[in-house]
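Have a look at the structure first, then read on.

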Amino acid sequence: MINKHPREQTFNRIFIAGIEGRRFNIVIEDGRFSSIVETEQDHDELAPSGQDLWISPGVIDLHTHLAWTDFDHDDQLKRDAREIEAMQAEAFAATLRTGVTTARDAGGLLPGTVAHLVQHYGQPLRVQASSDMLGAADARGVKYLEQRMKEIFNTGAGWIKIMATGGLGAPAEKVLDPNFSQEEFSFIVRHAHAHHKKVMVHTWGGVTIDWSIQAKVESIEHGMYLTEDQANGLVQSGVAYVPTASIYRIAADPSGVLALPPVICDRAARAVEAHPNAIRYAKGAGVRIGFGTDYATPALHGYNLQELDTLLDYGLTRAEAWQAATADAAEILGSGHELGQIAEGYVADAIIYDADPYQAADAAQLRQSMVSVITGAAEADLV
């Protein structure tokens, strides 16, 4: 199903998802779209194969944890290194099978591990990494943070991840409390940007969103308690919003695949209740919204497209949800010039379907309609 880095390939009379009723001849050369020409034949005529096909850009998951094998990190520590590596390789494979061709790992995965999994297991997933997360245990002053960030820089990470508030592990009355002082937070962002690193901020809401706006980070994550005023601030500062909404619906279900303790399910349920309002505020203000799942276990990798269902349920149009998963996600990564579109000169990361993906009832039907996943990059390009 995965067609790894096709150097030359041609699709005749194929539909481009989101462009209704128009067929195109598309040529791939050296892993990029070299020619995209609209056909002039009768629109009702079938493709040469006798089967209509559609093409969309590969999905970009802006928030995943490909190195994590267990919801509770203590459980991962009980596994041996070979088992963990095999599970990480399968996470790459499952992510690719579902049509995600690019991922931003939000903590836990080292660039060196990415290179090993691509080379040794032949999994051509494009990954941008943050390597580690700066959290409450790192709130020891600017000098300490400078040393911690140097360690992260030395891994080759392109992103710095700030755990600005708590999450599901924090009591509801404390989940908006900052983990860092404003001085520490501002230093992290300034220092990262001075070293040409981008910054993503885990925040459920409150003052740390205001700090993110002031510091002009690249994206905030989760943000279920985002206010309307803060949404307007994100637009003015050019800060993107990655809601990762589906994971909280999954976590809130006591009988779901995560089967979390009742207290955690209750905290997730509060997030689920708040998230639609945050997304509505972001959409209304014109915030750039990005697709991200926060998926982190074998039970979740490969089901990333459930995030599309949740974004639709929470008020995005189908076109807006696909934009969040492709072109807008690429812009958030800083790769909008070569990823996220079916366009001449762009990397040929794409999904081929035997039914219009814009008409799929849900993620399950969308996965069933996939014919193949194409990754346009050669192995050397990914490591």
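Contact here means heavy atoms within 4.5 Å. With that in hand, take Ile 162: leaving out residues up to four places away in sequence, Ile 162 touches Leu 134, Phe 180, Phe 185, Ile 188, Val 189, Val 199, Met 200, Val 201 and His 202.

A quick word on the ground rules. The model is predicted, so local features need pLDDT of at least 70 and side-chain atom pairs count only at pLDDT 80 or more, while totals for chains, interfaces and linings use all residues. Residues are numbered from 1 along each chain as its sequence is written, and side-chain values use heavy atoms, with hydrogens and water left out.

Back to the packing. A nonpolar core is a set of buried Ala, Val, Leu, Ile, Met, Phe, Trp, Tyr and Cys residues joined through side-chain atoms within 4.5 Å; buried means under 20% relative accessible area, exposed over 50%, partly exposed in between (1.4 Å probe, protein chains only). The largest such core has 74 residues, and Ile 160, Ile 162, Ile 220, Leu 226 and Tyr 241 touch the most other members. Helix H9 supplies the largest share of this core, nine residues. Apart from it there's another core of 17 residues, including Phe 11 and Ala 348.

H9 spans residues 262-285 and also holds His 275 (helices, H or I, of at least four residues and strands, E, of at least two are DSSP runs numbered from the N terminus). His 275 is buried, at 0% relative accessibility. Its contacts beyond four places in sequence include Tyr 241, Tyr 248 and Tyr 314. A polar atom of the His 275 side chain also sits 2.9 Å from the backbone oxygen of His 222.

Now the charges. A salt bridge is a side-chain nitrogen of Lys or Arg within 4 Å of a carboxyl oxygen of Asp or Glu, and the count comes to 16. Three of them:

| Pair | N to O distance |
|---|---|
| Asp 52 and Arg 23 | 2.9 Å |
| Glu 83 and Arg 79 | 2.8 Å |
| Arg 288 and Asp 328 | 2.9 Å |

Arg 288 lies in the loop between H9 and helix H10 (306-313) and Asp 328 in helix H12 (residues 327-333), so this pair links parts 40 residues apart in sequence. Arg 288 is partly exposed at 37% relative accessibility, whereas Asp 328 is buried at 16%. Elsewhere, salt bridges with shared partners join Asp 132, Asp 138, Arg 148 and Glu 151 into one network. As for the other pairs, Asp 52 and Arg 23 are both buried, while Glu 83 is partly exposed at 33%.

Notes
A polar contact is a pair of N or O atoms within 3.5 Å; within protein, one must be able to donate a hydrogen and the other to accept it, and residues adjacent in sequence count only if both atoms are side-chain atoms.
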